[in-house]
Amino acid sequence: MKTFAIVGDWRKSPSLEKFAWGIKEEMEANNYWLDPEVQPNVQMVFNFVDPQNPRHFRRKGKGTFVVTVTEGHQPSDSILHTGYPILIRSLGNLMIYLDSSTQQTQTYFITLEQGCYKISGRYGDKDYFKNVFTRLRPLATSRLVIDNTFHPDLPEDLWEGDDITRSIYHAGQKLDQLNLLPAPFPIEELLPPKDYRHIQRLYGIGGLSYGNLSSRRKENQFWMSARGVNKSNLQEVGRDILLIKGFDPESPAIEISVPPQVQPKRASVDAIEHWMIYTEHPDVGAIVHIHAWMEGIPSTEINYPCGTVELAEAVANEIRQAEDPSRAVVGLKNHGLTITGRDLDDIFTRIEGRIIPQVPMS
């Protein structure tokens with residue numbers, strides 16, 4: 001059974017209360033059932049927060065997606081700049097920001113990847129909540145792959161890396177030189193220590209860092225930049241760069257081979273996407289993911305969250321349809337690019353001079 005919950009300050013204003021009732025009716029119309037007890041396995045939680053003092057919903061399960069809902073009454077030159085700290089402080093996966101600074105309330109979606117886009121239609125129109133649910137459906141149906149299983153079995157001759165890890169180090173420096181490594185958002189500065197430790201335990205993250213890169217070692221094994229590390233200085237095996245050696249669909253978890261003496265970092269949330277591509281396309285030797293754009297490229301249709309099977313499958317499908325899957329460029333809707341190549345040098349040769357820093361939002 002698919003479930004959702006509504007928590008927080010949704011009775012604080014008539015417009016928030018109207019939104020709460022409207023989204024409840026739309027969720028139920030799409031066969032999601034309200035869970036008044038908020039069980040650990042609830043799939044989606046709408047957390048209504050005060051923008052001045054946003055309280056987070058404390059997840060009990062990794063499969064729970066939280067949508068922060070808030071209302072702003074003051075004009076803002078940048079909804080993203082105004083809303084993003086609220087999203088982080090409320091520990092949401094996504095934010096719905098109701099801008100009531102003018103006579104007609106406008107509805108914005110803000111993502112963890114710093115995406116910000118307005119939905120069409122007027123607040124309260126007949127199809128308004130259908131439009132909202134269409135944006136939420138990817139969250140409500142997605143399956144996260146964020147667990148890791150570490151095996152301290154990396155061969156000793158790889159503890160200091162190899163030619164491939166050194167190529168990843170140089171590629172990370174190139175991304176930095178091209179200004180394609182947005183600085184990790186200082187999540188630890190916005191959250192109290194207790195809340196920060198909680199999300200570290202729940203999701204194993206140390207910050208919000210954008211972009212990743214990988215290169216095949218042999219068969220389905222590949223080296224990949226770790227989660228939340230400085231990608232302009234990828235040097236230490238087991239911490240900065242990980243050897244991904246498998247995927248266990250039952251857990252589901254990414255299998256990682258590490259040196260026995262290292263306390264490892266976790267794999268990038270996009271590791272499942274890279275795994276699918278390397279498994280299906282033996283000619284793919286490297287993959288780069290950046291939060292940027294290029295003109296005239298195919299794109300996924302739905303804005304699935306990072307780290308989900310659905311996003312990985314959507315990207316893999318676009319690469320499958322490319323004229324040459326080993327040298328494909330795929331746009332991820334409202335997110336960025338995934339680029340395959342024979343090796344990392346091949347990728348950088350093809351994209352240099354074609355990158356648009358700003359990802360279009362729609």
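Colleague: Which residues have the most contacts inside the largest nonpolar core?

Modeller: A nonpolar core here is a set of buried Ala, Val, Leu, Ile, Met, Phe, Trp, Tyr and Cys residues joined through side-chain atoms within 4.5 Å. Buried means under 20% relative accessible area, exposed over 50%, and partly exposed in between (1.4 Å probe, protein chains only). The largest such core has 59 residues, and those with the most contacts inside it are Leu175, Leu213, Trp223, Ile244, Ile254, Ile290 and Leu337.

Colleague: Which helix gives the most to this core?

Modeller: Helices (H or I, at least four residues) and strands (E, at least two) are DSSP runs, numbered from the N terminus. With 7 residues, the one that gives the most to this core is helix 8 (residues 309–320).

Colleague: How many residues are in the second, separate core?

Modeller: This second core is separate, and Phe4, Met27, Tyr32 and Tyr123 are among its members. Its residue count is 28.

Colleague: Good to know. How should I read the model itself?

Modeller: It is a predicted model, in which local features need pLDDT of at least 70 and side-chain atom pairs count only at pLDDT 80 or more, while totals for chains, interfaces and linings use all residues. Residues are numbered from 1 along each chain as its sequence is written, and side-chain values use heavy atoms, leaving out hydrogens and water.

Colleague: Why is the chain as compact as a globular protein of its length?

Modeller: The secondary structure comes to 9 helices and 15 strands. The radius of gyration is taken over C-alpha atoms, and the globule rule is 2.2 Å times the number of residues to the power 0.38. For 362 residues that rule gives 21 Å, and the chain is as compact as a globular protein of that length because its radius of gyration is close to this, at 21 Å.

Colleague: What percentage of the contacts with a separation of 6 or more joins residues 24 or more positions apart?

Modeller: Contact means heavy atoms within 4.5 Å. Among contacts in the chain with a separation of 6 or more, the share from residues 24 or more positions apart is 66%.

Colleague: Is Arg166 buried, partly exposed or exposed?

Modeller: Arg166 is found in helix 4 (residues 163–177). Leaving aside neighbours within four places in sequence, Arg166 is in contact with Glu160 and Gly161. Its relative accessibility is 43%, so Arg166 counts as partly exposed.

Colleague: How many Å separate the C-alpha atoms of Arg166 and Leu337?

Modeller: Along the chain, these two are 171 residues apart. Their C-alpha atoms are separated by 23 Å.

Colleague: Is Leu91 buried or exposed?

Modeller: Leu91 lies in the loop between helix 2 and strand 5 (94–99), and has a positive phi of about 60 degrees although it is not a glycine. Most residues other than glycine have a negative phi. With a relative accessible area of 7%, Leu91 is buried.

Colleague: Is Glu219 buried or exposed?

Modeller: Glu219 sits in the loop between strand 9 (212–218) and strand 10 (221–225). Its phi is positive too, near 45 degrees. Glu219 has a relative accessibility of 66%, so it counts as exposed.
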